[in-house]
Amino acid sequence: MKTLKIFVAILAISINIAYAQFTKAEVQVSGLTCSLCSKATEKSLRSLNFIGDVKADLNSNVFILTFKKDVPVNLDQISKKVQSAGFFVNNLKATFNFDNVKVNDSYFSYAGDTYRLINGTNKVITGPVALTVVDKGFAPAGVLKKYSITPDNVKSGKVYHLAI
């Protein structure tokens, strides 16, 4: 009976952890001039193993990415795929589900990386929240200057800076 209780507890924890992840993103790409450019970028993004679907809005140069459930998302790979297609990420807004994720002093961890909420220190965060990545390679220079990000003392993984 004790073994069964332990198994149920571990199963419940693993189910809760599965909900803590990026669910979708909007990537605004600069430099697109035609539908062929858009198709090349879409094809490049579709090659990422964590992307379930890509929809392009040619009027605003935005790609709406839907992520596969329970597959870790790597934001750097999104930026690299856009760059490999010959373009640049102008804005990346990703939705993260904060159910069962603890935010300590504006930091949380996901898939081996650290995420810093640069304007969310005193907020209790639950459920899906749209976050804008404000690091180089994800935002224009004006945004980088606006947030004037300071270095982080994190020992492993990459640190992403996010604005709510």
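**Close-up views of a predicted model**

**View 1. V29 and its place in the pairing of β1 with β4.** V29 stands opposite V89, a residue of β4. The two strands concerned are β1, residues 22-30, and β4, residues 88-97. Eight bridges join β1 to β4, and the pairing runs in the antiparallel sense. As in every view here, the model is predicted.

**View 2. β1 beside β3.** Strand β1 also pairs with strand β3, which spans residues 62-67. Here too the sense is antiparallel, with five bridges between β1 and β3. Within this pairing, K24 stands opposite T66 of β3.

**View 3. The whole protein chain, for orientation.** Four helices and eight strands make up the list of elements in the protein chain. Their order along the sequence is α-β-α-β-β-α-β-β-β-β-α-β. The protein chain has 164 residues, and 36% of them count as buried. When contacts between residues at least 6 apart in sequence are considered, 70% join residues at least 24 apart. The accessible surface of the protein chain is about 9,700 Å², and carbon and sulfur atoms account for 55% of that surface.

**View 4. The cysteines C34 and C37.** How many disulfides does a search of the whole structure find? The search finds zero. C34 is in no disulfide, and the nearest cysteine sulfur, that of C37, lies 3.4 Å away.

**View 5. E42 and R46 in helix α2.** A salt bridge links the side chains of E42 and R46, with 3.0 Å from N to O. Both residues belong to helix α2, which covers residues 35-46. They are four residues apart, about one turn of the helix. Is E42 buried or exposed? E42 is buried, with a relative accessible area of 12%. R46, by contrast, counts as partly exposed at 39% relative accessibility.

**View 6. D53 and R46.** R46 has a further salt bridge, this one with D53, and the closest N and O atoms are 3.5 Å apart. D53 is partly exposed, its relative accessible area being 27%.

**View 7. K158 and D76.** The side chains of K158 and D76 meet in a salt bridge, 4.0 Å from N to O. K158 is in the loop between α4 (141-147) and β8 (159-163), and D76 is in helix α3 (residues 75-84), so the pair ties together parts that are 82 residues apart in sequence. Both residues count as partly exposed: K158 has 31% relative accessibility, and D76 has 21%.

**View 8. The salt bridges together.** Through shared partners, salt bridges join E42, R46 and D53 into one network. How many salt bridges are counted? The count comes to three. Side chains of opposite charge can pair when their charged atoms come close. Among the pairs shown, E42 with R46 has an N to O distance of 3.0 Å, and K158 with D76 has one of 4.0 Å.

How values were computed
Residues are numbered from 1 along each chain as its sequence is written. This is a predicted model: local features need pLDDT of at least 70, side-chain atom pairs count only at pLDDT 80 or more; totals for chains, interfaces and linings use all residues. Side-chain values use heavy atoms; hydrogens and water are left out. Buried means under 20% relative accessible area, exposed over 50%, partly exposed in between (1.4 Å probe, protein chains only). Contact means heavy atoms within 4.5 Å. Accessible areas come from the Shrake-Rupley method with a 1.4 Å probe; for residues, only the protein chains shown count as cover. A disulfide is a pair of cysteine sulfur atoms within 2.5 Å. Two strands pair if DSSP finds at least two bridges between them.
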